[in-house]
Amino acid sequence: MPQAGIYYWRNRLFSEIIVFVMPLGIIALIPGIYMAYITDLYRLIIVDLVAVAVVLIVAFAPGISVQIRKLLFILSLYFIALALLYDLGSFGPGLLYLLALTVLMILIFDKEYAYASVGLNVLVCIAGGIVVYYNLGDSQMYVDYDLDTWVAVSSNLVFLSAVLALLIPLLFDGLQKAMDSENVLQSELKQNQKRLEKSIRELNEKNEELESFAYTASHDLKEPLRMIHSFMGLLKMKYSDRLDEKAQEYIYYAVDGAERMTNLVNELLEYSRIGRLYANVEKVDVNNVMEDVCKFYAAEINKKNANIQFDNLPVIQAVPVSMKLLFQNLIGNALKYNSKDEVPVIVVNGREKEDEWEFSVQDNGIGIFPDSYEKIFQLFQRIHSSDYARGVGMGLAICKKIVEQHGGRIWVSSNPGKGSSFYFTILKNNQ
Ligand code: ADP
């Protein structure tokens, strides 16, 4: 909600004063009237009652503007202050009331009226001086003050009211400016929030569109590929005796191309599924995941006599299918990009940190040069040619998407020719 302005707070303060002054005033009135009665100050009793009547009108009379209510209230209080000063002199709280009234006027009226309170106090000073000097009526002031002392006392009142009339509006101006700039900030924040929400909505829509496009495209693309693959197979089977070596070679490349395209389409489909179909976080024992991955690559592991080491890996909160895909891609790469002279040794570790788990998959393969550390995580980016190992350049992009879906990050460090270590983190409180 935007901050209400000073005007609102002035009115609010006024209504609070009325709410508190009424019951307190009525409570204070009873001993006041009693004291006035026993000291024969009947005039004060009448003044008190008139002031209470005015306060009641201010509080309850319908159809009066707030400004008029404020004026009536201030005048009735002035009336009491002057009566107290006149009848009780320095013994009564009249002067104190006048000062309090100045503050009240500055608080509940607009800035221009603040100076009016100083003017009123100057008038009170002059009127008091006349009463004291000429001994008008039966005022107690004549008994308590001579003209010099009255001028000294009342000029203090004027001086204090002037200082307050100058300083308090300054404070209010500052407050108003602070409120204004807060309002501006708040409305800017709201606008930015709206823009952000709109962008998120659009992004989600685009994502959904893109995912369903990838899904449909993958399915439609696979059909002709399947046909190329199977007809090439039939061609080879039925006419192999009539085909020369060159034709056999062409068929091999056509089948190979169709297979690679199928892999690409499959991985694209997998990529589009992350975070859409695979979204349920569960307890995942990473040891089990690694056992499944080893089973998946059993043939490759046997063929290369690979040594895969893992022990005591943690149980984490994650999407089970995604975890399998993640380790499968990293272990698959470690097996794929192995050094020709050595048997692959792959070590998987997991260690607990404050808010996350950190995993590493280390191999003794061909390694990666530092200038490719970032590039390899982008879609379709390969740094080793297909002659070396087959692939479509999506595996690490899939890993990155999975890790980010789990609130983590993935990076690599490598010693070219000696091996690579892939690291990634998974947030502990994954929802
Ligand atoms: P793909 O293996 O299908 O080419 P990836 O996204 O999995 O795609 O990997 C991208 C590239 O990163 C690979 O082409 C390869 O050059 C490099 N790479 C990935 N893993 C390793 C590894 N363990 N050792 C050396 N190079 C690697």
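1. Before the details, a definition: a cavity here is a set of grid points where a 1.4 Å probe fits but cannot get out, and its lining residues have an atom within 4 Å of a point. Keep in mind too that this is a predicted model.

2. On that basis, the structure has one cavity of 30 Å³ or more. The space inside the largest cavity comes to about 30 Å³.

3. Who lines it? The residues around the largest cavity are Arg 10, Ile 106, Phe 109, Asp 110, Lys 111, Ala 114, Ile 168, Pro 169 and Phe 172. Sorted by class, that lining has six nonpolar and three charged residues, with no polar ones.

4. As for where the lining comes from, α5 (111–134) and α7 (147–239) each contribute at least two residues. The biggest share is from α7, which supplies three.

5. Over to a helix pair, α9 (residues 286–296) and α11 (residues 320–336). Their axes come within 9 Å and cross at roughly 50 degrees. I'd call α9 and α11 oblique to each other, therefore, and the crossing of α9 past α11 is right-handed.

6. Now the side of each helix that takes part. From α9, the contact uses Val 286, Val 289, Met 290, Asp 292, Val 293 and Phe 296, and these meet Met 323, Lys 324, Phe 327, Gln 328 and Ile 331 of α11. The residues of this α9 and α11 contact split into eight nonpolar, one polar and two charged.

Definitions and conventions: Residues numbered from 1 in each chain as written. Predicted model: local features only at pLDDT ≥ 70, side-chain atom pairs only at ≥ 80, totals over all residues. Heavy atoms only, no water. Axes fitted to C-alpha atoms, helices over the stretch in contact; angles between N-to-C directions. Helix = DSSP H or I, 4+ residues; strand = E, 2+ residues; numbered from the N terminus. Parallel < 35°, antiparallel > 145°, perpendicular 65-115°, else oblique. Left-handed = near helix turned anticlockwise from the far one by under 90°. Contact = heavy atoms within 4.5 Å. Nonpolar A, V, L, I, M, F, W, Y, C, P; charged D, E, K, R; others polar. 1 Å grid on protein atoms, 1.4 Å probe; cavity = no way out; pocket = protein on both sides within 12 Å on 5 of 7 lines; lining within 4 Å. Points joined across faces, edges and corners; volume = space filled by probe spheres on them.
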